[in-house]
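Subject: Structure handover

Hello,

Here is the structure I said I would pass on. My notes follow below it.

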Amino acid sequence: MNSETTGFITSVEMSDDLSSASETCNGRKRKRGAPSPHREAGRSKAAEEGEEDEETPTRGHSPSVSVLPDRLQQPITPSELTELLHYAALGQTGGVKQPSWCCLQHQKRVKAVNVVLVEGLTQSHFYQHFLALRHLRTSYSTRVTFTPSATNLASGIFSGEVPEPDDPSLFQRPGGSGRLPNALRIHPVIAQFGTERRGLTAYVLTQEEMIKKHFPVKGMLGFEDFLCTDAVDCVTDGSPLYGLDCEMCLTGKGNELTRLSLVDSDGKCLLDDLVRPQNRIFNYLTKFSGITRKMLRPITMTLRDVRLKLVNLLPSDAVLVGHSLECDLVALKLIHRHVIDTALLYRKEFGQKFKLKVLAESVLQKLIQTEETTGHNPIEDAAAALELAQYFIRTGPRQVVELHLETLWGSTIEEEPSESEFEPEPEPEPSLRFADILQTLGQSVAFLGKRSDLPLDLSNQEWHNSDKEVAASFRRQKKCPFLSVLQFSSLSDHLRRCPPPPREHQRAILRDMCVVFAGPFPAGFSERKVRRLFCCCGPVRNIKMLTTTVRVHAEVEFELLEGATLALEALNGLNMHGQSIKVQRPVHESMLDLDLTLGALMADGLNARRLYVKFSPGLAEGARRGLALANGHVADGSGAPQLTERAVRDAFGHFGPVERVVLPATRGKRARHAYIQFERSAARRAALDASGRREDYLVCPSLTPAHLTSWDAGGGEERTHAAHTGSQDQEMDLMLRRLDRRLGKLFRFLPEGTLSVVVLLGHASADDRLPGLCLVEVKRG
């Protein structure tokens, strides 16, 4: 690699990812299949997760947002942004589903939502002035293109309607009116789950609940040597249920596994194995386990063996169901993130639990664990627990309680006075507007910015004439509102007072970064031959031949920054017909800080584990050695095998686990370059160190963030020179530095657990449309 690239790599500190979910907590791994979209989305946050803090066992317990891989390069709309805000504020307990474009983990730990709308700024501004926006580029780990709109986004946030929940009481003020009989209103099941039927995700234990109930959880003390299953970050209501039950005996180390049974959602037994404990058995507990010395004498199956069989049977989105399931998982020394415990579904007061035998008889009318049998049958118990969970989900908590109130809980529903005796006034239809719902639930909302027509009570609005006043007023508040929307308009006002350069100017500066000048070429060297030569480094957008009376040069514009970077490394000094060609970047005012910008892009959190590779069989090594290329026979690899994900994984997988391979391809054309995202930044460094030894790939650090399809998404019009507007660029640079500092102070003021969203609104008009940018992060302590 040339000095332009390697100098920055060595100076940038990149943290390794957290261990993948397929690893044991002490570092052992097992084989796994292709990762699911939700798993990949969760992994994109791993590099941002820090060390443990005092309030949570690991940072992984904090809320985090990650874009689904198949949505990375699709702009989000204002309505999709409000999906995230609704889910962050209300969650599944409010009947709101996960956003369609991202995954918000640990939503219940979100303490507040803060949105800053920056008018007048576009995505092009962000990358054109990348160095000036230090806070925005380093503090926000999620970045996605935003579709500009002519409508008022602040108004849309407050007035957007939340989907109507199945249970209308969810959006009633605590302590508000309800028609539930007293016996139901105070019932522990109703208090926990409400009254309406919901999908299975409503009953999956949260991580906080698992810790409280002593389930094995990754990162918690005492579970360091437990195996972690390859589970997705978020399950859905369509995820499969599996019933599980274990039998144990007493050894010198306590209870150890002697039998494991697993049934699928149809009750079919998938696994039923006896297991030989590692330590000496003191008591077989035959009365409960049914296990005897004779049964275990020929058994060679170990805990490690049976655990591997179980993990290989479970899909990544499996939900395990059991009765007091924490005991089974501890015996298995297994960590699984998604569980439903029937002992906690059919709950009693004061933390007491029903026996599985009692629930099966009262709810399912089935007899299990009878006196006629010796010990428990784990297949029978696993199937009973699974059926109890399915019945609860299918029937709904209210009907379950009403049908079994007397037989299980020993209560009855007393007849209450009729409604006619009270003659209540008719209640108004509850509003489903986002701001109204939050206020109904007792949460505070606020808007700070220029005077605007908003569907919000004036007492919740503060009008200010400048961004400085908006930020200062917000930071003076004693308590941060639960939902706050701040509107920054100073830049937009400035741009209206001082007409900006043509819209093409923003794109021109970005495209200048992808340009190299090359030459001199041999006489008669055509544009077609130049294109074939430079395509070995990356997709070429445009070539302009610069022919004088003596020599031939060319201006080559790539679609990606990586293409220009590789051209400087691989083709500068290339010998053609005894003549060495020179490849260099343009030199003018807008390019003076390009080396610093490239360094910042390499250090960008979105690129920390990504690598750009260009498939150029035969040419890569030849270009490095400066071998002569025959006139008319410049190899571009057109006859070479097609680049595939498998080929890339095979070529680079030995450097470390590959999380994802992206093969950008134009319709009708096969992919010639790829982006590799490793699970650990160390693997990326190893691949870069070995790049000089590869004969079929040209390699450089990723410079283009994953949400961009090309460095300039503005279109294919002819590039215009941008140097004459340098003074305006410097003024904009100073204003953006001031804005960035202001946003940094505001971010530091937010309480821990706040979902912070900054939206550069972009530009939308009848004549032109420039995309904006949405940055998302959850504030951590």
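Just after helix 15 (residues 356–363), Gln365 takes a positive phi of about 55°. Helices (H or I, at least four residues) and strands (E, at least two) are DSSP runs, numbered from the N terminus.

The model is predicted, so local features need pLDDT of at least 70 and side-chain atom pairs count only at 80 or more, while totals for chains, interfaces and linings use all residues. Residues are numbered from 1 along each chain as its sequence is written, and side-chain values use heavy atoms, without hydrogens or water.

Within helix 15, the buried residues are Leu356, Leu359, Ala360, Ser362 and Val363. Buried means under 20% relative accessible area, exposed over 50%, and partly exposed in between (1.4 Å probe, protein chains only). These residues pack against helix 14 (342–345), helix 16 (378–395) and helix 17 (397–409).

Helix 16 and helix 17 pack with their axes 6 Å apart, at an angle of about 110°. That makes the two roughly perpendicular (65 to 115 degrees). On the helix 16 side, Tyr391, Phe392 and Thr395 meet Pro397, Gln399, Val400, Leu403 and His404 of helix 17; contact means heavy atoms within 4.5 Å.

Strand 10 (residues 319–322) is covered on both faces, with Val319 and Val321 buried on one side and Leu320 and Gly322 on the other. Strand 6 (residues 241–251) pairs with strand 10 in the parallel sense over three bridges, where pairing takes at least two DSSP bridges. Leu241 stands opposite Val319. Strand 12 (residues 339–341) also runs parallel to strand 10, joined by three bridges, and Asp341 is the bridge partner of Gly322.

Regards

Key. Axes are lines fitted to C-alpha atoms, for helices over the stretch in contact, and angles run from 0 to 180 degrees between N-to-C directions. Angles under 35 degrees count as roughly parallel, over 145 as roughly antiparallel, 65 to 115 as roughly perpendicular and the rest as oblique.
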